[in-house]
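Here is a set of questions and answers for someone meeting this structure for the first time. Please keep the sequence and the model in view while reading.

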Amino acid sequence: MKQLAIYPGTFDPFTNGHLDVLERALTIFDQVMVVIAENSKKQTLFSVEERCEMIETITEPLSGTRVEVLHGGLLAEYARNVGATAIIRGVRQVKDFEYEFQMSLLNRHLNPEVTTVFLMPNVKYTYVASSIIREVALLGGDVSKFVHPFVLKMLQKKYEEQNT
Ligand code: PNS
């Protein structure tokens, strides 16, 4: 039976660190579904449609991936509905762990059939976070080492919109 994992996140924007984690997950699972969580309470730079477009473009060369959106509701329920056996989460530093540990145990409580798998990205992405990428890019800094060229273009567009 094919093993399906879901890789959820806000991905605002999707970084090379996210891509690294996704590629690692694809070496373990047959299929990895990237799930963009829509959160009406969270202000994002990119709309769900923009994030979907960026992730679909970036992951186009990878087989075994697809992109979906979680329009509210619980991730644990979503995992059950799509038949996923694992939730992939990237951890970069020890400080990520407390929140991730809490989420994984809660998700396991809500859906005992799903296991959270933590993957560490390449050490060169240890300090790469979407929040810092957004901040640097909107202040005109160079983030080309940390995002795909397509994301870079989208960030540059936001920068121009903000400065016109
Ligand atoms: O990239 P992020 O913002 O760290 O991702 C957090 C995310 C989207 C994985 C988390 O907020 C989530 O799972 N949201 C869906 C709603 C849910 O199930 N919440 C309870 C988690 S225990």
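Q: In this predicted model, against which elements do the buried residues of α2 pack?
A: In helix α2, the residues Val48, Arg51, Cys52, Met54, Ile55, Ile58 and Thr59 are buried. Seen down the axis of α2, these buried residues fall within an arc of 165 degrees, so they line one face of the helix. The elements against which the buried residues of α2 pack are α1 (16-26), β2 (31-38), β3 (65-71) and α6 (149-162).

Q: How far apart are the end C-alpha atoms of helix α2?
A: Helix α2 covers residues 48-59, and at 1.5 Å a residue its 12 residues should span 16 Å. The distance between its end C-alpha atoms agrees with that expectation, being 16 Å.

Q: Are α5 and α6 parallel, perpendicular or oblique to each other?
A: Ile133, Ala137 and Leu138 in α5 meet Leu155, Lys158, Tyr159 and Gln162 in α6, and α5 passes α6 in a right-handed crossing. The axes of helix α5 (residues 130-138) and α6 lie 9 Å apart, and the two helices pack at an angle of about 50 degrees. The orientation of α5 and α6 to each other is therefore oblique.

Q: Is glutamate 100 buried or exposed?
A: The place of glutamate 100 is in helix α4 (residues 94-110), and, leaving aside neighbours within four places in sequence, glutamate 100 is in contact with Arg89, Val91 and Phe118. Buried means under 20% relative accessible area. Because its relative accessibility is 5%, glutamate 100 counts as buried.

How values were computed
Residues numbered from 1 in each chain as written. Predicted model: local features only at pLDDT ≥ 70, side-chain atom pairs only at ≥ 80, totals over all residues. Heavy atoms only, no water. Helix = DSSP H or I, 4+ residues; strand = E, 2+ residues; numbered from the N terminus. Expected span 1.5 Å × (residues − 1). Buried < 20%, exposed > 50% of the residue type's maximum accessible area, 1.4 Å probe, protein only. Arc of directions from axis to C-beta. Contact = heavy atoms within 4.5 Å. Axes fitted to C-alpha atoms, helices over the stretch in contact; angles between N-to-C directions. Parallel < 35°, antiparallel > 145°, perpendicular 65-115°, else oblique. Left-handed = near helix turned anticlockwise from the far one by under 90°.
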